[in-house]
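Subject: Structure for your files

Hello,

Here is the structure I said I would pass on. Please look it over before reading my notes below.

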Amino acid sequence: RNYIQRIFPDGYEIWFYPNGDIKQCFPNKRLFFYYNKNKSCEFRYLDEGYIVNKFPNGQYEKHYFDGG
């Protein structure tokens with residue numbers, strides 16, 4: 001296994017990867033990813049059907065699962 005995973009009683013989970021990446025899963029099933037290499041973040045709103053990417057220069061992008 002190439003990561004450290006912590007699971008909490010409330011359903012929150014977090015993974016730490018050797019390359020500095022981090023993944024978090026919240027009890028409401030929303031996901032957060034931090035990508036260390038390019039210092040960007042990704043927020044997945046599975047219940048609402050979209051992803052938001054945040055880049056180091058402050059740029060945000062929103063993508064819908066249905067392509068809209």
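Predicted model: local features only at pLDDT ≥ 70, side-chain atom pairs only at ≥ 80, totals over all residues.

Residues are numbered from 1 along each chain as its sequence is written, and side-chain values use heavy atoms, with hydrogens and water left out.

The sheet

There is an open sheet of 7 strands in the order β1-β2-β3-β4-β5-β6-β7, with antiparallel pairing. Strands are DSSP runs of E of at least two residues, numbered from the N terminus, and two of them pair if DSSP finds at least two bridges between them. β1 (4–7) and β7 (60–64) are the edge strands; each has a single partner, so one side of each has no neighbour in the sheet. From one strand to the next the twist averages 10 degrees, taken between axes that are lines fitted to C-alpha atoms, with angles running from 0 to 180 degrees between N-to-C directions.

β2 (residues 13–16) and β3 (residues 22–25) are joined in the antiparallel sense by 4 bridges, and F16 stands opposite I22 of β3. The two strands form a hairpin with 5 residues between them, and G20 in its turn has a positive phi of about 95 degrees. β3 also runs antiparallel to β4, again with 4 bridges; here C25 has L31 in β4 as its bridge partner. This hairpin too has 5 residues between its strands, with K29 in the turn at a positive phi of about 70 degrees. Further along, β5 pairs with β6 (residues 50–54) in the antiparallel sense over 5 bridges, where Y45 stands opposite Y50 in β6.

Aromatic residues

The structure holds 7 aromatic pairs. Rings of Phe, Tyr and Trp (its six-membered ring) pair if their centres lie within 6.5 Å; planes under 30 degrees apart are stacked, over 60 edge-to-face, and the rest tilted. One of the pairs is F8 with Y12, tilted, at 5.4 Å centre to centre and 45 degrees between the planes. F8 is partly exposed at 38% relative accessible area, whereas Y12 counts as buried at 17% (buried is under 20%, exposed over 50%, partly exposed in between, with a 1.4 Å probe and protein chains only). The rings of F32 and F43 are also tilted, with centres 5.0 Å apart and planes at 50 degrees. F32 lies in β4 (residues 31–35) and F43 in β5 (residues 40–45), so this pair ties together parts that are 11 residues apart in sequence. F32 is buried at 16%, and F43 is partly exposed at 26%. F8, Y12 and F26 form one aromatic cluster.

Two lysines sit over rings, meaning that NZ of Lys (or CZ of Arg) is within 6 Å of the ring centre and within 35 degrees of the ring normal. K23 has its charged end over W15, 4.5 Å from the ring centre, and K62 lies over the face of Y50 at 4.2 Å.

A loop residue

L46 is partly exposed, at 42% relative accessibility. Its C-alpha atom is separated by 21 Å from that of Q5, 41 residues away along the chain.

Regards
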